[in-house]
Amino acid sequence: MKGLIIFFGIVVGIFLFLCVIALIIWLKIKKAARQAGLGNIKLNEVGNKIDELKREDSMRVRSASGMTKILLPNILRDFPEFNEHRLYNMTEEDLRLIFDALTNNDKVKLDKVPLLQSSLISLIDDHLNNHVEVSYSDIKFHDFALKDYTKIDGVATVTVSVSLEYYYRLKRNDVVEESGKYKKQTRYACNFIYVYDESLFKDYQNVVATNCPNCGAVIKSLGHKYCDYCGTAIKEINLKAWAFSSYKEY
């Protein structure tokens, strides 16, 4: 009898413990709902309210964060022919090209961004091998600004901040992970490099990861016109002009 009482006591204790945990979780959900502006609506209306908030966020244009007024005089001092608006145009053109290539698994047009060609081809191959489909559509660019400027070891780097919007859809193994129902408002930081002194440019492979388009071997020097491994002709990269070298969403 004593053992039975102990058993029921344990069961009741576990039940009360679970009730307390459930209450704590519920209170936290209510608090989060109030902070999100959902505190005064019924549970069956939460989905509609969340959709409304997502719709509002999809229309809230981000601003490009930068320091153009501070950086531009320094860049013009070192490169008098520098044209910030031309660089902004290049930023838009190259990002559109990249988004289109990823959407259509098109490796051919990537030769227009030679410093990114190898990594993007690898990304497309990874998508194909893992049954991943991505789509960027209705892309609109809003704002541009100069975000950073550095000169190290013979290489000048200008970072452009850009704000834009697009519909983004992601499907993996026939499962839609991102529906693209609402537009995404976002920003990218895009780097452009200019090799002004090749004699100082010793860390080439870490700054510019260029590979043979045929066999994937690393191209070991700026002057190479043929791949050392398979003999494929290498398209010469003009680094005496601003070249798109990397991009990152932030």
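Colleague: Which residues form one aromatic cluster?

Modeller: Phe99, Tyr136, Tyr166, Tyr168, Tyr188, Phe192, Phe244 and Tyr247. This is a predicted model: local features need pLDDT of at least 70, side-chain atom pairs count only at pLDDT 80 or more, and totals for chains, interfaces and linings use all residues. Residues are numbered from 1 along each chain as its sequence is written, and side-chain values use heavy atoms, without hydrogens and water.

Colleague: How many aromatic pairs does a search of the whole structure find?

Modeller: The search finds 14. Rings of Phe, Tyr and Trp (its six-membered ring) pair if their centres lie within 6.5 Å. Planes under 30 degrees apart count as stacked, over 60 as edge-to-face, the rest as tilted.

Colleague: Why is the pair of Tyr88 and Phe144 called stacked?

Modeller: The ring centres are 5.2 Å apart and the planes lie at 20 degrees, so the pair is stacked. Tyr88 is in helix H4 (residues 84-104) and Phe144 in strand S1 (residues 132-152), 56 residues apart. Helices (H or I, at least four residues) and strands (E, at least two) are DSSP runs, numbered from the N terminus.

Colleague: What makes Phe144 count as buried?

Modeller: Buried means under 20% relative accessible area, exposed over 50%, partly exposed in between (1.4 Å probe, protein chains only). Phe144 has 19% relative accessibility, so Phe144 counts as buried. Tyr88, with 8%, is buried too.

Colleague: Where does the charged end of Lys151 sit?

Modeller: Over the ring of Tyr196, 4.8 Å from its centre. The definition asks for NZ of Lys or CZ of Arg within 6 Å of the ring centre and within 35 degrees of the ring normal. The charged end of Lys184 sits over the ring of Tyr168, 5.8 Å from its centre.
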